[in-house]
Amino acid sequence: MKKTVVLLGAVVAALVACTSEPRSKVVEFDSSMEVSGEKFAIGDITAGLPMNWDEYNYVVLEYKITTAQRFHVGFTTADGYNELRVMCYVPGAWNKLAIPLKFFRQEPGAAVDLAATYNQPRYTGWINLGGKRGALHRVDSIGFRMRAPIGNPRLEIRSISLSVDDPGDSYLENIPAVDEFGQWNLSDYEGKIHSLDELRASWAAEDALDSSTNAYNYSRYGGYRQKRVQATGYFRTEKIDGKWWFVDPEGYLFLSHGVDCVSAGGGGQIRDLDKREKMYKEIPPMPASGRGTPSFGRWNLQRRYGDDFREKANEQIIRRMNRWGLNTIANWSGLDVVAQNKKAFMLQLRDIGIAPELMGLADVYSPSFHSNVDSAILSFVAAYRDNPWLIGYFLGNEPAWLGRELQLCQMILEGKERPIKKALQAYLSAGDTEGRRIQFVFDTFDTFIKYVNSSLKKNDPNHLNLGIRFGNIMGIDKRLLISCKDAFDVLSFNCYSLSPDRKMLDFGEEVTGLPMIVGEYHFGTVDRGMAQSLWQVESQAERGVAYRYYTENAFAHPNLIGTAYFQWCDQDFTGRFDGENYNCGLIDVTDRPYSHQVEAMSETSKRLFGVHSGSTNPFSQQPVRPRGHGGMPEEWIVKQQ
């Protein structure tokens, strides 16, 4: 009974705080600074909040920010400063965001990959976990800060409250945040569509463009006619004069210049409409099947091609790829796009045992592991075994256990009874040290990838094993890379940076000797009301500059033979399944290309053979003030470097 009384008292305290006269505070983010922000007493906004938050589960902020650029929000506690990253879906509008306090208190739980681990969706914005975790005791101040602010943005906050139960998020304006085309409705910007006639004129202008590949001297499969070697009828790799290449089915040297998530009608999907209907000026029609969710991307394609839009939209994808010199449909792409057999493509295997509750590891100790893997691979590859357009298969993406092996072992030991738990207990009975726990995870991974490889080669000997796309390879234990050397045909990794670090590429080459693929990278900005992607630049024009610098400098390495830009369309304005809403696409929600981005791709496509061969220097111009999404410095105010 005593606990109940305390809890009720805490709720009352929060309610009292919420009903006190609100006071607002404005934070000006200075774009001349590397890090800009302000920290101030919580009582300056809402008086009377308790300083010990143990009895609460949510902190609720009522605020307005002028930008979609990510900002950090944190609290000073007895253990120091504790912060998270927040991205707002409704820049320019008042909204209420409820942040679960567990994100401040504890490390993320188990999930299949890095995005699923660290991205947390809400309804008026989304949260990316980071910073320090700990108890929320002696909480006395709140802080907001931003790295490399674009355009001197400002944030105004007028209420801070606490809640035991989830109060939900609220859009607090009467003007919709999203217009009838799926665009940001609270601001104008260069390239914005204002009418259907204007949109149709833009589409017609694109339809009149040439879509040949003559400028790139491509073979049928996208290889380079400049050099031909032995053909096998399928894609393979070969090292020639000290440089790795793909070789296409006809024997032409090939560099994979691709894009992820290639699909018609992407962007603008609406989730949880019942919780944020006020945010939209118009709601797109439901799919003809009656299943799924409304989508502005799909609606705009219906406006362009009619209800039966899919075939025409997929043909447009191929014309665009031809025009821009893209020769690979990379991972996560639509199978209907792949099925046209007009571009080389890559696929990811499914149902091979990778488990979210094991942070992306597999329980290789299960008696059914081998038979399940064999069955899944046999079923998956049956449709592709004899297809010459397929380059190969990925096994997985960004395993979340890397660097968290000790946390994973503890989760296994404290979790349900299962074969991997018994195997770990038996292994540790011979000695329980941190090193042995890490080695157990490494050994499990080694067993997994080697068996999957043997099954894949047995069931589809014609195509390449493209490996697992690690979150990065710099800092990965050499033992893991040695395992990859014996199990993969290609070493794959995602690399969100200004360009792949030469030392990292040399490290991968030295340890494995394998050719390499970058599975994901991108650049974005904030002018269209979406978050700026994992690497931000200052403008749409700078996205093109950044693309050329990254891609050409990547292919200058002798072992780098493929890149896949993430992704074809912008992400959903109000968040995909895990919350992300990045301006990272080649195509916007209205089915129009970003001209600076695709023109840059075209120029780079013309140069890649020479860059990789060593006869052409890579593009040397860097974008203005690019910044990644890494951690913040301890200092609150940091001058621009």
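Residues are numbered from 1 along each chain as its sequence is written, and side-chain values use heavy atoms, with hydrogens and water left out. Because the model is predicted, local features need pLDDT of at least 70 and side-chain atom pairs count only at pLDDT 80 or more, whereas totals for chains, interfaces and linings use all residues.

Helices and strands are DSSP runs numbered from the N terminus (helices: H or I, at least four residues; strands: E, at least two). An open sheet is formed by 4 strands in the order 12-15-14-13, with antiparallel pairing; two strands pair if DSSP finds at least two bridges between them. Strand 12 (224-228) and strand 13 (236-240) are the edge strands, each pairing on one side only. From one strand to the next, the twist averages 55°.

Strand 13 is joined to strand 14 (residues 243-247) by 5 bridges, and the two run antiparallel. Across this pairing, Lys 239 stands opposite Trp 244 in strand 14. The hairpin of strand 13 and strand 14 has 2 residues between the strands, and Asp 241 takes a positive phi near 50° there. Strand 14 also pairs with strand 15 in the antiparallel sense, over 2 bridges, and the bridge partner of Phe 246 in strand 15 is Phe 254. The hairpin of strand 14 and strand 15 has 4 residues between them, with Gly 251 in the turn showing a positive phi of about 95°.

Strand 14 is largely enclosed by the rest of the structure, because 4 of its 5 residues are buried (buried means under 20% relative accessible area, exposed over 50%, and partly exposed in between, with a 1.4 Å probe and protein chains only). Helix 15 (residues 595-613) lies across strand 12, strand 14 and strand 15 (252-254), and runs at about 140° to strand 14. Angles run from 0 to 180 degrees between N-to-C directions, and axes are lines fitted to C-alpha atoms, for helices over the stretch in contact.

Helix 5 is likewise largely enclosed by the rest of the structure, since 9 of its 10 residues are buried. Among them are Phe 296, Trp 299, Arg 303 and Tyr 305. The buried residues of helix 5 pack against helix 4 (196-207) and helix 6. In the loop between helix 5 (296-305) and helix 6 (310-324) is Asp 308, which counts as exposed because its relative accessibility is 67%. Asp 308 and Ala 288 are 20 residues apart in sequence, and their C-alpha atoms are 9.9 Å apart in space.

In helix 9 (residues 405-414), the residues Glu 405, Leu 408, Cys 409 and Ile 412 are buried. They lie on the same side of helix 9 because they cover an arc of only 100° around the axis, the arc being that of the directions from the helix axis to the C-beta atoms. The buried residues of helix 9 pack against strand 20 (361-362), helix 10 (419-428) and helix 11 (434-459).

Helix 12 (residues 478-487) and helix 13 (residues 502-512) pack at an angle of about 60°, their axes 9 Å apart.

Glu 552, found in helix 14 (residues 540-555), counts as buried because its relative accessibility is 0%. Leaving aside neighbours within four places in sequence, Glu 552 is in contact with residues including Thr 604, Arg 607, Asn 617 and Phe 619.

Methods:
Contact = heavy atoms within 4.5 Å.
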